[in-house]
Amino acid sequence: MAFLTFDKKRNPRQANISLVVLLILMIIFPFVASMFGNSWVRIMDMALLYIMLALGLNVVVGFAGLLDLGYIAFYAIGAYTAGLLASPQFADVLQSFVNTYPAVGNFLVMVCGPQIVQTGIHLSLWIIVPLSAMVAALFGALLGAPTLKLRGDYLAIVTLGFGEIIRIFMNNLNAPVNITNGPQGINLIDPIRVFGVSLAGEPGSGSIVKFLGFSMPSVNAYYFLFLLLCIGVIFFSIRLQDSRLGRAWVAIREDEIAAKAMGINTRNVKLLAFAMGASFGGVAGAMFASFQGFVSPESFSLTESIAVLAMVVLGGIGHIPGVVLGGVILAALPEVLRHVVEPVQMSLFGKVWIDAEVLRQLLYGLAMVIIMLNRPAGLWPSPKHEDRPEADHPHGDAAVGVVKA
């Protein structure tokens, strides 16, 4: 990755040039990709959501060294929070309470008012997003609290169980009170609105968004929103990595006993890692729910957790540019293969020998194996000087007030 350098400490000028070039390419991409169909832009929309997830997991796995196999649970929590607060589903919840627990239901109806009883809650997404982040962070702290003394395989098993518990709850929380609508999921979730303009397009517009005299497909509008959010998450991750808290996470990752001996409150620092990482997942989940307009438990399986972890590991654990690269490749590669596999077989053999879905999974797995065999540290591993916190003074400076032995 020598052609792109984002190390502002050693090569600030080249890092700034790389950032400008990359930003220009990202802005141009949807307009070029739209010439070949909106599906390519939609693939990149989902890739940007996965990048947010991977950056959140990188806080837990990359910075703090805590193996989390249930991270997709926070994605689900954010998505279902948006589903309940931006759709007619809350009206069904109230009606279910009235039918099952009349006293509680009638009290809730009185508190909520007739409008919510009829149409549900339709909060602005800009209220829902911070709420989703806070709810996910709360559950992240709840997950972290009982696992503070666990490490390695034991921590992985507990977090895996937590992820499955959340998915099963979402799948079965439709009785006796229907909160999540069970396997059927929540639909009719409100699209994102920016300055009153729906990014899904107004009814009858053919999913075309019109803003300040400009028109663009809905997937392009979502792309730019997700791109802005990703830039914000990347900026926040960089600030975290360079902060005192980030250095504490690295110290715990390298040697928890030594970190505790140096006065780091390992309990609180670990809880903060779980909570902050989970908050990124909550934001991504809220965006996913509004983008899709529908959420169901099938979107939050263990396979998704493993996929997000693979993005962090294959990209480069603890290295933010590497995690972004891993997120783009592993989120986009299966969908690109889906579009390419059959046409390539037709052009080479004149017919389809292997079903696209089967060959897609085979090539996807093969690509992951080849990457790990050739790049065990990841496609874009962290530079050596980022592995541990650097001293406050350059190595070449002589220490002041130290007498040689």
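Is F294 buried, partly exposed or exposed? F294 is partly exposed, with a relative accessible area of 34%; buried means under 20%, exposed over 50% and partly exposed in between, with a 1.4 Å probe and protein chains only.

## About the model

This is a predicted model, in which local features need pLDDT of at least 70, side-chain atom pairs count only at pLDDT 80 or more, and totals for chains, interfaces and linings use all residues. Residues are numbered from 1 along each chain as its sequence is written, and side-chain values use heavy atoms, leaving out hydrogens and water.

## Around F294

Strand β8 (residues 294–295) holds F294; helices (H or I, at least four residues) and strands (E, at least two) are DSSP runs, numbered from the N terminus. Not counting residues up to four places away in sequence, F294 touches Q184, G185, I186, N187, I189 and A289, where contact means heavy atoms within 4.5 Å.

C112 is 182 residues from F294 in sequence and 24 Å from F294 in space, C-alpha to C-alpha.

## Helix α7

Helix α7 (residues 125–144) has 20 residues. From first C-alpha to last, α7 reaches 28 Å, close to the 28 Å expected at 1.5 Å a residue, that is, 1.5 Å times one less than its number of residues.

Buried residues of α7 include L125, I128, V129 and S132. The buried residues of this helix pack against α3 (72–85), β1 (86–87), α8 (152–172) and α12 (266–292).

## V358

Let's finish with V358, which sits in helix α15 (residues 356–374). V358 is exposed, with a relative accessible area of 52%.
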